[in-house]
Amino acid sequence: MAVGLGVAIAIGACGDDTSPPAQDSGTSTGESGEPPVEPPSDAPPLPQRAQTQICRFDGWAPGLLPPLGFSASTVPAVPGASAMTVSPDGILWIGTEDGALWTVDPTDPTEPLRELRSADGDPVTGLALGPSNGLDALFVRSRAIEPSRTRIVRYTVDGPRSIDPTSALNTFFVEFDEQARHGAGLLMAEDLLWVPLGDGDDGEFGGPADRPDAREGNLLRLDVSTLSSPFGYDVPADNPLSDQPGAAAETWAWGLRDPIGCMRDEARDRLWCVDRGAAVSEVSLVSVASDLGWPRLEGANCRLPGGCDNIDTQLPVASYHHAEDDCGVGPSAVANGLDPDLDGAIVYSDRCSGRLFAARPLTAQQPSARAVVGQLSPTLAAMAADPAGGLWAIDADGRVGRLAIERPPGQFPTTLSNSHCFEGAGVSTPAPDLIPYALNAPLWTDGSVKERYLVLPPKARTHVEEDGRLRFPIGSIILKNFSYPLDLLEPERVTPVETRVMIRRSYTWEFHSYAWNEDGTEATLLDDGQSVPLLTAVGGAPTVVRHTFPSRDECGYCHGNGDVRALGPRLDQLAREIDYAERVAPQLEALTDAELFDTPLPTTEPIADYRDPTLSDEVRARAYLHANCGHCHRPGGWTPPNLDMDLRWSTPTALTQLCGVPPQYSSTFMADHRIAPRDPTDSLVWLRLSSRGPWQMPPFATSIPDPAASVVRTWIEGLTNCPDDT
């Protein structure tokens, strides 16, 4: 059997994945306790990689947010650029880290770059153009060091590319502690000036951002149409707190931590704000009197030990956990006129990793979407929407350019047969370049039978990281078939229901779901997530399950945004034996023979098969928790940033924060511990594993509890005390 190309692994409900015993071909020690079959010493080598790629997903999927790159223009660079706005006539107004102001006219070959103001030493953190006192004005936000303050200065615009330096007027200022979060950005909309402020703190938990009667942490809305004394602005009468004594009358919304800016989508009458979190950055649609959550929420994660069920806060449209290279959201802008699939979406970048994200809210015409859409190096220093359409950007080297669509060539297969990954109807005959693989510890998906395949580009190899995780080459594909016994009279015959596809781009994994028809002869690409009821057999008993086809957003919950390492296939999960039709053999040996890895493999201790009754209760329970929970409950996982439970297999039990530890957050379960020795009824982990509903675990894509989860209950019942970390 030839094996080869593009990597396709699918994660049940987007987490660590493995197949049930039937699909593991009985090659691991199972319920029978029989040892694995040893291959004969003179067995021929396992098949080599296919030399051509048959299984292909060329082009770009319809409806998927398109990839973006940076296209530099020929205008001179603006070193140290830190803020930008674009006038209706297409002129770029730019501020720098040292306080200089410039304009760029990309259409002027004689003087594309013009200095408006020399550096004054205070970094420019926001720019806005708009009317004031009957004149056109430029508002410049900067951060002064001594004294530490954010201030806004107004200049009269006295020409297409000039300001009157003598017209400088201090319009607004707020004093902050030296290391405090000031926030950044300015917006002119509805002839009003909008000012997002940081919470004024430098610690983890934040200052008065949940207090609308304080300016810090609020979005302010100022009327600068007149030069009222002493402030240089008036308070709009329709501000929500304008008539409340003692309140910050300028406030429009609150609950911000360290906002980078707010943007108006005039075409859709929407206001966006982008906020940099401690561990999670977020983008939100903001309406009047919105509470955006900080410091009680970060992203959608509650930070309060008592829970946030009764707190009236507005959740973000999108958020992302900072991965190891991220340090928080940076330049952002609303896209219009760039691409139909991006119209109305907000594009935002991480200021350290250079990752580009896009988020589009749900409308009657389009489903919601959020995705990593690129990664730039150098990173971006500023971004702004062009009123004529498209997005201008400046990178960290000061190069001025536009963001450009970079869809790959080809036609993306909207039916699975057009991918040529399987020959004929159904999934019984994989193409020669599909490399089968299996994992030691399976993720439960309502008893579905799973088959997994990798496809790597010809001659490409997989990088092995020190912790055993694998970084697959660009262009790899991971496929996973989900099948069920749907004819109760023939429980051994299974019908495919879904095929999940992951495609390795340079900056992220891309997720797709194909739904099979009732006959199992063709599968069609889905635009969004859905679930369907199925009458199947689980453990020999007729059972109705709801199979979940996860949306691309839901896949990102577990896989994360931007991490290019897959969850399931790692060395300790692959360290097992597998039936390759010709013979049973160690899987890592077979994959090495197929030249999948870029380096000799280290000696690998496998994750336990929790279905093996010869192993200890603790080993089986820990393997189960890793496979079904550890993809989120780990440092950097999709859990609240301060949730300290670590369920990875590699973490010693005494260090997992499991046993004897009170729950950090409230739930409907009356349990005082995550794990209580000898008492499953006082163990929140077991109660959530064994139930289905709003508080179930895993939270997605399972509608009935896993019978094999009983290994966790058995382990708890046998615990006499909690492990000692000494």
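The legends below describe several close-up views of this structure, which is a predicted model.

**View 1. The disulfide between cysteine 55 and cysteine 421.** The sulfur atoms of cysteine 55 and cysteine 421 lie 1.9 Å apart and form a disulfide. The torsion about the S-S bond of this pair is about 65°, so the disulfide is right-handed. Because cysteine 55 belongs to the segment before β1 (68–72) and cysteine 421 to the loop between β26 and β27, the pair ties together parts that are 366 residues apart in sequence. Cysteine 55 is buried, with a relative accessible area of 0%, and cysteine 421 is likewise buried, with a relative accessible area of 0%.

**View 2. Aspartate 433 in the loop between β26 and β27.** Aspartate 433 is found in the loop that runs between β26 (400–405) and β27 (435–437). Aspartate 433 is buried and yet has no salt bridge, since the nearest side chain of opposite charge, that of arginine 56, is 7.3 Å away, whereas a salt bridge would need the charged atoms to be within 4 Å. The side chain of aspartate 433 does, however, reach the backbone nitrogen of isoleucine 54, at 2.8 Å.

**View 3. Strand β16 and the strands that pair with it, β15 and β19.** Of the 6 residues of strand β16 (residues 280–285), 5 are buried, so the strand is largely enclosed by the rest of the structure. Strand β15 (residues 270–275) pairs with β16 in the antiparallel sense over 4 bridges, and a hairpin joins β15 to β16 through 4 residues. Strand β19 (residues 318–321) also pairs with β16 in the antiparallel sense, over 4 bridges. Glutamate 282 in β16 is the bridge partner of aspartate 275, and in β19 the bridge partner of glutamate 282 is serine 319.

**View 4. The disulfide between cysteine 262 and cysteine 273.** Cysteine 262 and cysteine 273 form a disulfide in which the sulfur atoms are 2.0 Å apart. With a torsion of about 100° about the S-S bond, this disulfide is right-handed. Cysteine 262 lies in strand β14 (residues 259–265) and cysteine 273 in strand β15, so the pair ties together parts that are 11 residues apart in sequence. Cysteine 262 counts as buried at 5% relative accessibility, and cysteine 273 counts as buried at 2%.

**View 5. The open sheet formed by β20, β21, β22 and β23.**

**View 6. The disulfide between cysteine 327 and cysteine 352.** A disulfide joins cysteine 327 to cysteine 352, with an S to S distance of 1.8 Å, and the torsion about the S-S bond is about 85°, so the disulfide is right-handed. Because cysteine 327 lies in the loop between β19 and β20 and cysteine 352 in the loop between β21 and β22, the pair ties together parts that are 25 residues apart in sequence. Cysteine 327 is partly exposed, with a relative accessible area of 22%, and cysteine 352 counts as partly exposed at 42% relative accessibility.

Methods:
Residues numbered from 1 in each chain as written. Predicted model: local features only at pLDDT ≥ 70, side-chain atom pairs only at ≥ 80, totals over all residues. Heavy atoms only, no water. Helix = DSSP H or I, 4+ residues; strand = E, 2+ residues; numbered from the N terminus. Buried < 20%, exposed > 50% of the residue type's maximum accessible area, 1.4 Å probe, protein only. Lys, Arg positive; Asp, Glu negative; His and termini not counted. Polar contact = N/O pair within 3.5 Å; in protein donor to acceptor, adjacent residues only side chain to side chain. Pairing = 2+ DSSP bridges. Disulfide = S-S within 2.5 Å.
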